[in-house]
Amino acid sequence: MSDFTMTIDGKSVPGDASFGVINPATGQVFAQAPECSRAQLDAAMATASAAFRPWSRDLAKRRAALLACGEALKARMGEIAPILTQEQGKPLAKAGEELFGGAVWFQYTASLDIPVEVLADTEQSRIEVRRRPYGVVGAITPWNFPVLLAIWKIAPALLAGNTIVLKPSPYTPLSTLKLGEILRDALPAGVLNIVSGSDALGAWITSHPAVRKISFTGSVATGKKVAAAAAPDLKRVTLELGGNDAAIVLDDVDPAKVADKLFWGAFSNSGQICSAIKRLYVPEKLEAAIVDALAAIAKSVKVGDGMQADVQLGPLNNKMQFDRVNELIADAQKAGGRCVTGGAAKPGGGYFIQPTLVTGLKEGARLVDEEQFGPALPIVTYKSVDDAVERANATMYGLSGSVWSSNPERAADVAGQLETGTAWVNQHLAILPNTPFGGAKWSGIGVENGPWGLLGFTELQTVNIAKT
């Protein structure tokens, strides 16, 4: 698989060099991706700059283009899904769900309005507050949902009237490059440019003078570097960063009724979701019942190569993350934690870790304090709800969280006390295109999705018209 190219000025562009892409199910290189040079990035920025003005003038044309993008993606999902599975690791059915979700995001975004607020309209004057696009948007996307999270940026940026230069993670560039190929006929040349390369390419994008807005999804550490790189040029930024989401189970739940949702809230995509459950707080009296119910599910789940039809959880995406999660599990055991399930890498090659449930930990253990981003969940007991909320909030993360109860109103009251961008009740990972998604504290700046995410790709302009 070496026929992947970048999209620059609506054309297929090979790299000046290439780099290997690893299949995490085998740990071996299975394809080559183009390495974008500095000159090629400059060309992408130049064509995005040139395309901006005509693209920004016609909202109806932009709506139609986004609908065409959604249809093009739906028509060719079968081409991208196996590529996504081989480079990311997720089961093929889940890859299809990600791609279908991307088509839905295109269609939903196309329906949004860009409002003009009229502050005054008299015989003397009319005062309007309009929303203007920034210009060229630089977008950098992660490896856990490479296509969907790219579309989270592409769709609103384009509808708002911006043009975009997007770089996917070097771990998962191929599905996004394929997306660029598929969308070439749906968009005018230069409006969407997709380039691939190593981490240096991301630094070039964030510091490039043509870029007026940066949209980044990734780790807190890299997000801070992006913000610092944007500061000298006063680029606007949206940062969707990490999370250490707490789920608090109240004392009135039936463990059997919530176990399945709790399990998949933590272990979907092998735990590689920024807003997945990373810490599970349970009342002392329910610990045994909840642990037993979760363990039964964990032991029944099939972990393996995502290309196999019956696999439910794939590997970790890359060696670095695989080593980190194993390190956190080992550290948890040294700290007195007990692995009820899992606890070790699956033998046979590839970056596989069985779903791991850990009891006997409290704050101070790395698996509780840090974002693991993998299939290892600490189950922590608490004595009072106030205690659980205080401990859930005692972190610099603030992406999302959830509260579980047989009384939704009671749970909603507790959820409102979480210092997070999203608080769910009796569910987790309920992420929708029409709801804002973003984090408090170190988990981000700004939001994505819905009209709020769309307006994040615009800046205000006051137009004051004298009539006399």
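This is a predicted model: local features need pLDDT of at least 70, side-chain atom pairs count only at pLDDT 80 or more; totals for chains, interfaces and linings use all residues.
Visitor: What is the volume of the largest pocket?
Guide: The largest pocket is lined by 36 residues. Those nearest its centre are Trp143, Phe216, Gly218, Ser219 and Thr222. The space in this pocket comes to about 1,200 Å³.

Visitor: Which element gives the most residues to the lining of the largest pocket?
Guide: The elements that give two or more residues to this lining are helix 7 (199–207), strand 10 (211–217), helix 8 (220–230) and helix 11 (319–334). The top contribution is 6 residues, and it comes from helix 8.

Visitor: How many residues of the lining of the largest pocket are nonpolar?
Guide: The lining holds 36 residues. Of these, 11 are polar and 7 are charged. The nonpolar class has 18.

Visitor: Which residues lie closest to the centre of the second largest pocket?
Guide: The second largest pocket has a volume of about 830 Å³. Its lining is made of 36 residues. The ones closest to the centre are Glu97, Phe145, Ser268, Ile273 and Leu429.

Visitor: Which element supplies the largest share of the lining of the second largest pocket?
Guide: By class, this lining has 17 nonpolar, 13 polar and 6 charged residues. Helix 4 (92–110), helix 5 (146–159) and helix 9 (255–267) each supply at least two residues. The largest share is 6 residues, from helix 4.

Visitor: How far apart are the end C-alpha atoms of helix 5?
Guide: Helix 5 has 14 residues, and at 1.5 Å a residue it should span 20 Å. After the helix comes glycine 161, with a positive phi near 105°.

Visitor: Is glutamine 88 buried or exposed?
Guide: Glutamine 88 lies in helix 3 (residues 77–88). A polar atom of its side chain lies 3.0 Å from the backbone nitrogen of lysine 90. The relative accessible area of glutamine 88 is 1%, and under 20% counts as buried, so this residue is buried.

Visitor: How far apart are the closest N and O atoms of lysine 11 and aspartate 9?
Guide: Side chains of opposite charge can pair when their charged atoms come close. Lysine 11 is partly exposed at 48% relative accessible area, and aspartate 9 is partly exposed at 28%. The two form a salt bridge, with the closest N and O atoms apart by 3.1 Å.

Visitor: Which residues are joined with Arg126 into one network of salt bridges?
Guide: Arginine 126 and aspartate 121 meet in a salt bridge at 2.8 Å, N to O. Arginine 126 is partly exposed at 23% relative accessibility, as is aspartate 121 with a relative accessible area of 45%. Salt bridges that share partners join Arg126 into one network with Asp121, Glu128, Arg130 and Lys467.

Visitor: How many residues apart are glutamate 419 and lysine 441?
Guide: Glutamate 419, partly exposed at 40% relative accessible area, forms a salt bridge with lysine 441, the closest N and O atoms being 2.9 Å apart. Glutamate 419 is in the loop between helix 14 (408–415) and strand 18 (422–425). Lysine 441 is in the loop between strand 19 (437–438) and strand 20 (444–445). The pair links distant parts of the chain, and the separation is 22 residues.

Visitor: What is the volume of the largest cavity?
Guide: The whole structure has 4 cavities of 30 Å³ or more. The space in the largest cavity is about 90 Å³.

Visitor: Which elements give two or more residues to the lining of the largest cavity?
Guide: The largest cavity is lined by 16 residues, with Arg279, Ala392, Tyr397, Ser400 and Thr420 closest to its centre. The lining divides into 5 nonpolar, 7 polar and 4 charged residues. The elements that give two or more are strand 12 (245–249), helix 13 (385–393) and strand 17 (400–404).

Methods: Residues are numbered from 1 along each chain as its sequence is written. Side-chain values use heavy atoms; hydrogens and water are left out. On a 1 Å grid over the protein atoms alone, a cavity is a set of points where a 1.4 Å probe fits but cannot get out, and a pocket is an open set with protein on both sides within 12 Å along at least five of seven lines; lining residues have an atom within 4 Å of a point. Grid points are joined across faces, edges and corners, and a volume is the space filled by probe spheres set on the points. Helices (H or I, at least four residues) and strands (E, at least two) are DSSP runs, numbered from the N terminus. Ala, Val, Leu, Ile, Met, Phe, Trp, Tyr, Cys and Pro count as nonpolar, Asp, Glu, Lys and Arg as charged, and the others, Gly among them, as polar. A salt bridge is a side-chain nitrogen of Lys or Arg within 4 Å of a carboxyl oxygen of Asp or Glu. Buried means under 20% relative accessible area, exposed over 50%, partly exposed in between (1.4 Å probe, protein chains only). The expected span of a helix is 1.5 Å times one less than its number of residues. A polar contact is a pair of N or O atoms within 3.5 Å; within protein, one must be able to donate a hydrogen and the other to accept it, and residues adjacent in sequence count only if both atoms are side-chain atoms.
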